[in-house]
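Subject: Structure for you to look at

Dear colleague,

Here is the structure I said I would pass on. Please open it alongside the notes below.

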Amino acid sequence: MKQLKIYLLIIILGLSMHRSWGQNQPLSTVGAMSEMGKNNFAPQLWLDTLTNKDHLYGLGPYGPMQGEITIVDGKPFYASAYEEGKSVIGQTWDMKSPFFVSANVDKWVAYEFTDSISSVDDIEQLVAKTAKSKGYDTSIPFAFRIGGVFDQVANHIVTPRRAEVIGYRPNVNQQEFSFEHASGEIIGFYSENHHGVFTGSKSNIHVHFIKDDLTFMGHLYKIVTNKLPLTLYLPAKAGSSTPTLKVNDTDFSKGRLGNIQEVTLDDLVKFHGHLCDGLVVGFLGLKEALLQLYPDGTIDRTNLRIVSEPSPCLTDAAIYLTGGRYQFNTFYATVAIDGLYVVQRVDNGEAVQVNLNRGVKPVEIGQMGAKAVKGELTACQLDALKQLEDDFSEKRLSEHPKDNFTITNMSNFKWNPFLQNDFIKTDVINKETKPCKK
């Protein structure tokens, strides 16, 4: 009878996998932390069966306590520690877990903070305090992330409890690993109602730590930061939307002006091919400039010309948002401008320059980007650069553009187009690079 009750409980918990619990993106749970030992740590979820892996985040033990699993933006990582003092990290969907929590989060909102943190409990309090202050309902579970450089982090990786499981060592249930000045990200889930399911009996959070260079991942149990600048990411709340611009075009190939429509950052992503920091900067900066040229909020794309820095991202944003084209004498690219763009209204000659404010973009992105252009980054370093750029983009999207851009009137601007076609298309030079493997 006791075994039957446990079996039924596991079935009920398993059925909760599709229940909608999230703030804006539903959480899914399978199995329960408090029940896995009673079930001899038998796996309840095979990750390869998950149907929606896009922007997926998740946590749980790896196999029958053979390590840890962390999913970061659709990338599945496992960590194991079978040998004393040694951990291994890798990627695969072919993993099983005795309990698991996950959520698909495609949009995050970033909040910078410099609070000192001396424990995992402090993280719980920080997350709850920030979420409440930003209007989140903390009675509804949600995923969160914290990124930056941490003074000290201590983590463990669980090890097998049964002799027949690969990696078993008598009287060893976990290995501990500590790091100082560690650059990385904390992936966590907050819930006030899931004690014993995916959080401990006295905690509202479950957190893992993964280093930016992808050399380590584990369950975080100690942390110290001394007022370092860190960034907390919370899921975008319902109603959050992609940046939008209202434009005015002609209504057919030989038509009249008056076809008013909205174009979004998501539309620009489809035109360009991917979301990246340059595309975000281009959209947000140009939107500020265009609204200064058209204070009524409707941008006449038949009445604009633009000069752009030659990066693939910035030029695609310039062409898409303004309608500028070189063959019609309304677009050209050059490194000779002192900013990202110069945009001009054709009818009255009014022109403005767009600059990203000094100090907004981390120096490390520029340094690593220059190495990437030269082919000097490894596959794993390219992944680390992408994470830096994604974090930068998310932060820009969560802030007011006026804090990041300066729009300057160009009273003496002279349109002087010329053709240069030997710029490096930097977004394709590493397209044949193999995936990062550890």
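The mean pLDDT of the protein chain is 90, with 93% of its residues at 70 or more. Residues 1–22 have a pLDDT below 50, although this stretch makes 30 contacts in the model beyond near neighbours in sequence. Where pLDDT is low, the predicted coordinates should not be read in detail.

The largest nonpolar core has 61 residues, and the members that touch the most others are Ile123, Phe144, Ile146, Ile186, Phe189 and Leu220. Strand 10 (residues 142–158) contributes the most to this core, namely 8 residues. Setting aside neighbours within four places in sequence, the contacts of Ile123 are Ile117, Phe144, Ile146, Ile186, Ile205, Leu220 and Ile223. There is also a second, separate core of 44 residues, with Leu268, Val281, Leu290 and Ala384 among them.

The second largest pocket has a volume of about 740 Å³. Its lining comprises 28 residues, and those nearest the pocket centre are Gly148, Asp212, Glu364, Leu388 and Asp391. By class, the lining holds 13 nonpolar, 7 polar and 8 charged residues. At least two lining residues come from each of strand 10, strand 11 (174–190), strand 14 (230–235), helix 6 (363–373) and helix 7 (379–398). Helix 7 supplies the most, with 9 residues.

Regards

How values were computed:
Residues are numbered from 1 along each chain as its sequence is written. This is a predicted model: local features need pLDDT of at least 70, side-chain atom pairs count only at pLDDT 80 or more; totals for chains, interfaces and linings use all residues. Side-chain values use heavy atoms; hydrogens and water are left out. A nonpolar core is a set of buried Ala, Val, Leu, Ile, Met, Phe, Trp, Tyr and Cys residues joined through side-chain atoms within 4.5 Å. Buried means under 20% relative accessible area, exposed over 50%, partly exposed in between (1.4 Å probe, protein chains only). Helices (H or I, at least four residues) and strands (E, at least two) are DSSP runs, numbered from the N terminus. Contact means heavy atoms within 4.5 Å. pLDDT is the predictor's confidence in each residue, from 0 to 100. On a 1 Å grid over the protein atoms alone, a cavity is a set of points where a 1.4 Å probe fits but cannot get out, and a pocket is an open set with protein on both sides within 12 Å along at least five of seven lines; lining residues have an atom within 4 Å of a point. Grid points are joined across faces, edges and corners, and a volume is the space filled by probe spheres set on the points. Ala, Val, Leu, Ile, Met, Phe, Trp, Tyr, Cys and Pro count as nonpolar, Asp, Glu, Lys and Arg as charged, and the others, Gly among them, as polar.
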